Amino acid sequence: MLHRIKFSGRLIVLVVIAAILLSVVGLVAVLGGRRLADGADAVYSQRVMAMGQLARILDNVHHIRADVSTIVQSESRLTLERLSGDIAAGAHDMDELWLQYRAQSRDATETALAAEYEYELIRWRASYAKTLAMLAQGDAFGAREHMGEDEARIYAATAATLRKLTDMQIALARDQFDQAMASWNQAGATARAGIVGGLIALAATALVIGRSITHPIAAIIAPCLLYTSPSPRDDRPNL
């Protein structure tokens with residue numbers, strides 16, 4: 001079949017095969033890079049953002065706890081009035097951050113842990129509100145006792161649940177990163193296999209085309225060599 005194609009056409013066939021090889025390898029690399037980029041974007045948008053939101057919520061929990069402790073230790077209505085606004089602002093910030101966190105889709109385990117946090121948060125807010133109400137009524141001793149026992153226990157449970165959620169984000173981020181790297185490694189392995197297979201196909205095609213060119217040339221040259229080769233009758237010594 002190749003002997004019917006011109007020499008220029010055979011070279012074009014070789015170039016086309018090389019171009020197809022480069023295109024396939026490039027496409028595999030681009031797809032692998034796209035998967036890696038998607039994985040990195042998922043890690044940031046789903047996990048890194050969530051870790052930041054949870055960290056800020058936990059920071060507000062600690063600040064509110066510190067404000068309540070300051071109010072109780074001071075036994076002052078002025079301190080109560082001054083820090084009540086900070087406590088309300090911290091609680092509002094927590095709620096806004098929590099809404100942002102819950103806006104993302106979560107798996108069953110994470111959803112269950114989030115529900116546990118919401119339950120503990122309701123209990124803790126009711127508990128520290130009771131502490132502040134006791135202080136406002138002049139029961140400083142009762143406020144200290146309640147803050148050191150019931151409220152302290154619920155506060156610790158609320159903070160612990162938030163830390164569990166944060167640890168879960170770290171583990172899930174690692175899993176998503178590993179999946180992205182696995183996709184990238186698979187794309188790399190596919191590209192390497194494509195390069196090896198393409199080089200073999202290219203070499204085989206080049207060999208076939210080369211033979212299709214050299215064989216006709218050899219067939220043309222062979223008779224000429226017979227005419228140009230010395231005859232046995234001419235093998236006489238020169239006098």
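These legends accompany close-up views of the core and the aromatic rings in a predicted model. Local features need pLDDT of at least 70 and side-chain atom pairs pLDDT 80 or more, while totals for chains, interfaces and linings use all residues. Residues are numbered from 1 along each chain as its sequence is written, and side-chain values use heavy atoms, with hydrogens and water left out.

**View 1. The largest nonpolar core has 36 residues.** A nonpolar core here is a set of buried Ala, Val, Leu, Ile, Met, Phe, Trp, Tyr and Cys residues joined through side-chain atoms within 4.5 Å, and buried means under 20% relative accessible area with a 1.4 Å probe, protein chains only. Among the residues with the most contacts inside this core are Ile64, Val68 and Trp98. Helices α1 (7-74), α2 (77-102), α3 (108-136) and α4 (140-228) each supply at least two of its residues; helices are DSSP runs of H or I, at least four residues, numbered from the N terminus. The most come from α4, which gives 10.

**View 2. Trp124 pairs with Tyr128.** Rings of Phe, Tyr and Trp (its six-membered ring) pair if their centres lie within 6.5 Å, and planes over 60 degrees apart count as edge-to-face. This pair is edge-to-face, at 4.9 Å centre to centre and 70° between the planes. Both Trp124 and Tyr128 are buried. Because they are 4 residues apart in helix α3, about one helical turn separates them.

**View 3. Arg106 meets the ring of Tyr101.** The charged end of Arg106 sits over this ring, 4.2 Å from its centre; the rule asks for CZ of Arg within 6 Å of the ring centre and within 35 degrees of the ring normal. Tyr101 also forms one aromatic cluster with Trp98 and Tyr117.

Conventions. Buried < 20%, exposed > 50% of the residue type's maximum accessible area, 1.4 Å probe, protein only. Phe/Tyr/Trp six-rings, centres within 6.5 Å; stacked < 30°, edge-to-face > 60°.
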